[in-house]
Amino acid sequence: MAEARTAYLTANGFTLADYDAPWVKLRLGRIPLGFPNSRARRAAVPLHDLHHIATGYETTWRGEGEIAAWELAAGCGRYWAAWGLNAGAMLIGLVLAPRRVVRAFVRGRRSKSLYQLVRRAESTERAGSIDELLALPVDELRARLRLA
(Lines give C-alpha, C1' and ligand atoms only; values in the text may rest on other atoms or scores of the structure.)
Protein backbone atom coordinates (compact mmCIF):
# COMPACT_ATOMS: atom_id res chain seq x y z
CA MET A 1 0.00 0.00 0.00
CA ALA A 2 2.85 2.42 0.75
CA GLU A 3 4.14 2.19 -2.82
CA ALA A 4 0.61 2.43 -4.20
CA ARG A 5 -0.07 5.53 -2.11
CA THR A 6 3.14 7.19 -3.31
CA ALA A 7 2.18 6.45 -6.92
CA TYR A 8 -1.39 7.69 -6.32
CA LEU A 9 -0.21 10.96 -4.74
CA THR A 10 2.32 11.59 -7.50
CA ALA A 11 -0.10 10.76 -10.32
CA ASN A 12 -2.69 13.16 -8.90
CA GLY A 13 -0.34 16.02 -8.04
CA PHE A 14 -0.64 15.57 -4.26
CA THR A 15 2.02 15.29 -1.56
CA LEU A 16 2.07 14.02 2.00
CA ALA A 17 2.47 17.65 3.10
CA ASP A 18 -1.01 18.34 1.68
CA TYR A 19 -2.50 16.28 4.53
CA ASP A 20 -1.41 18.95 7.03
CA ALA A 21 -1.70 22.05 4.83
CA PRO A 22 -3.86 24.82 6.32
CA TRP A 23 -5.98 25.11 3.14
CA VAL A 24 -7.42 22.64 0.64
CA LYS A 25 -7.09 23.84 -2.94
CA LEU A 26 -9.42 22.57 -5.67
CA ARG A 27 -10.24 23.70 -9.17
CA LEU A 28 -13.65 23.97 -10.77
CA GLY A 29 -12.48 24.21 -14.36
CA ARG A 30 -10.32 27.32 -14.32
CA ILE A 31 -11.81 28.62 -11.09
CA PRO A 32 -9.62 27.99 -8.02
CA LEU A 33 -11.50 27.07 -4.85
CA GLY A 34 -10.16 26.82 -1.33
CA PHE A 35 -11.44 25.92 2.09
CA PRO A 36 -9.82 25.37 5.49
CA ASN A 37 -8.28 21.96 6.08
CA SER A 38 -9.91 21.21 9.43
CA ARG A 39 -8.51 18.77 11.95
CA ALA A 40 -11.46 16.45 11.26
CA ARG A 41 -10.72 16.50 7.52
CA ARG A 42 -7.00 15.90 8.13
CA ALA A 43 -7.92 12.76 10.08
CA ALA A 44 -10.16 11.43 7.30
CA VAL A 45 -8.20 12.23 4.13
CA PRO A 46 -5.40 9.65 4.53
CA LEU A 47 -8.05 6.93 4.79
CA HIS A 48 -10.01 8.47 1.90
CA ASP A 49 -6.90 8.27 -0.27
CA LEU A 50 -6.40 4.60 0.60
CA HIS A 51 -10.03 4.05 -0.40
CA HIS A 52 -9.26 5.61 -3.80
CA ILE A 53 -6.43 3.11 -4.26
CA ALA A 54 -8.48 0.12 -3.13
CA THR A 55 -11.61 0.95 -5.14
CA GLY A 56 -9.93 2.40 -8.23
CA TYR A 57 -12.13 5.50 -8.30
CA GLU A 58 -10.41 8.50 -9.89
CA THR A 59 -9.86 11.96 -8.42
CA THR A 60 -11.95 13.64 -11.12
CA TRP A 61 -15.25 15.28 -10.13
CA ARG A 62 -17.06 12.13 -11.29
CA GLY A 63 -14.63 9.88 -9.45
CA GLU A 64 -15.01 11.92 -6.26
CA GLY A 65 -18.76 11.46 -6.59
CA GLU A 66 -18.23 7.71 -6.86
CA ILE A 67 -15.86 7.45 -3.90
CA ALA A 68 -18.19 9.66 -1.85
CA ALA A 69 -21.15 7.38 -2.59
CA TRP A 70 -19.05 4.30 -1.84
CA GLU A 71 -17.80 5.74 1.48
CA LEU A 72 -21.28 6.84 2.57
CA ALA A 73 -22.69 3.39 1.79
CA ALA A 74 -19.79 1.53 3.43
CA GLY A 75 -19.96 3.87 6.44
CA CYS A 76 -17.86 6.77 7.67
CA GLY A 77 -17.97 5.83 11.35
CA ARG A 78 -17.16 8.75 13.62
CA TYR A 79 -15.34 10.68 10.92
CA TRP A 80 -17.89 13.50 10.78
CA ALA A 81 -15.95 15.46 8.17
CA ALA A 82 -16.16 12.43 5.87
CA TRP A 83 -19.95 12.26 6.26
CA GLY A 84 -20.38 15.93 5.42
CA LEU A 85 -17.85 16.24 2.60
CA ASN A 86 -19.03 12.99 1.03
CA ALA A 87 -22.66 14.12 1.06
CA GLY A 88 -21.77 17.19 -0.99
CA ALA A 89 -19.49 15.26 -3.35
CA MET A 90 -22.11 12.58 -3.89
CA LEU A 91 -24.69 15.20 -4.86
CA ILE A 92 -22.28 16.66 -7.42
CA GLY A 93 -21.59 13.14 -8.67
CA LEU A 94 -25.29 12.41 -9.04
CA VAL A 95 -25.57 15.39 -11.37
CA LEU A 96 -22.46 14.51 -13.40
CA ALA A 97 -22.63 10.71 -13.51
CA PRO A 98 -25.79 9.36 -11.85
CA ARG A 99 -25.43 5.72 -12.94
CA ARG A 100 -21.80 5.51 -11.87
CA VAL A 101 -22.58 7.05 -8.48
CA VAL A 102 -25.51 4.72 -7.84
CA ARG A 103 -23.33 1.71 -8.80
CA ALA A 104 -20.65 2.92 -6.38
CA PHE A 105 -23.24 3.28 -3.62
CA VAL A 106 -24.51 -0.28 -4.18
CA ARG A 107 -20.90 -1.53 -4.16
CA GLY A 108 -20.31 0.32 -0.90
CA ARG A 109 -23.29 -1.35 0.76
CA ARG A 110 -21.46 -4.66 0.30
CA SER A 111 -18.13 -3.28 1.55
CA LYS A 112 -16.43 -2.11 4.71
CA SER A 113 -14.58 1.16 5.05
CA LEU A 114 -11.35 2.02 6.80
CA TYR A 115 -13.28 4.63 8.76
CA GLN A 116 -14.98 1.78 10.58
CA LEU A 117 -12.05 -0.60 10.71
CA VAL A 118 -9.54 1.91 12.06
CA ARG A 119 -12.01 3.34 14.60
CA ARG A 120 -12.95 -0.15 15.77
CA ALA A 121 -9.29 -1.09 16.12
CA GLU A 122 -8.66 2.02 18.27
CA SER A 123 -10.85 0.54 20.99
CA THR A 124 -8.76 -2.65 21.21
CA GLU A 125 -5.23 -3.17 22.49
CA ARG A 126 -3.87 -3.48 18.98
CA ALA A 127 -4.82 -0.27 17.19
CA GLY A 128 -5.09 -0.32 13.42
CA SER A 129 -2.95 2.55 12.26
CA ILE A 130 -2.17 4.11 8.91
CA ASP A 131 1.34 2.64 9.15
CA GLU A 132 -0.09 -0.86 9.58
CA LEU A 133 -2.39 -0.32 6.60
CA LEU A 134 0.49 0.95 4.47
CA ALA A 135 2.42 -2.24 5.22
CA LEU A 136 -0.33 -4.37 3.65
CA PRO A 137 -0.34 -5.53 0.03
CA VAL A 138 -3.10 -3.80 -1.98
CA ASP A 139 -4.95 -7.09 -2.48
CA GLU A 140 -5.00 -7.69 1.29
CA LEU A 141 -6.54 -4.28 1.92
CA ARG A 142 -9.12 -4.92 -0.80
CA ALA A 143 -10.01 -8.22 0.85
CA ARG A 144 -10.43 -6.53 4.27
CA LEU A 145 -12.74 -3.98 2.65
CA ARG A 146 -14.68 -6.78 0.89
CA LEU A 147 -13.66 -5.47 -2.52
CA ALA A 148 -11.79 -8.56 -3.73
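Predicted model: local features only at pLDDT ≥ 70, side-chain atom pairs only at ≥ 80, totals over all residues.
Local features need pLDDT of at least 70, side-chain atom pairs count only at pLDDT 80 or more, and totals for chains, interfaces and linings use all residues. Residues are numbered from 1 along each chain as its sequence is written, and side-chain values use heavy atoms, with hydrogens and water left out.

**Figure 1. The fold of the chain.** The chain has eight helices and two strands. Both kinds of element are DSSP runs, numbered from the N terminus: helices are H or I with at least four residues, strands are E with at least two. Starting at the N terminus, the order is α-β-β-α-α-α-α-α-α-α. The radius of gyration is 15 Å, close to the 15 Å from the globule rule for 148 residues, so the chain is as compact as a globular protein of that length. This radius is taken over C-alpha atoms, and the rule is 2.2 Å times the number of residues to the power 0.38. Along the principal axes, the C-alpha atoms fill a box of roughly 45 × 35 × 25 Å.

**Figure 2. Inside and contacts.** Of the 148 residues, 39% are buried. Buried means under 20% relative accessible area, exposed means over 50%, and partly exposed lies in between (1.4 Å probe, protein chains only). Take the contacts (heavy atoms within 4.5 Å). Among those with a separation of 6 or more, 62% join residues 24 or more positions apart.

Figure 3. The structure holds three salt bridges. In each, a side-chain nitrogen of Lys or Arg lies within 4 Å of a carboxyl oxygen of Asp or Glu. One of them pairs R100 with E66, at 3.2 Å from N to O. R100 sits in helix α5 (residues 98-109) and E66 in helix α3 (residues 61-74), so the pair ties together parts 34 residues apart in sequence. E66 is buried, at 10% relative accessibility. R100 is partly exposed, at 29%.

**Figure 4. D139 and R142 in helix α8.** The side chains of D139 and R142 form a salt bridge, 3.6 Å from N to O. The two are three residues apart in helix α8 (residues 138-144), about one helical turn. D139 is exposed, at 56% relative accessibility. R142 is partly exposed, at 27%.

**Figure 5. R144 and E140 in helix α8.** R144 and E140 also meet in a salt bridge, 3.0 Å from N to O. Both lie in helix α8, four residues apart, about one turn of the helix. R144 is partly exposed, with a relative accessible area of 43%. E140 is partly exposed too, at 33%.
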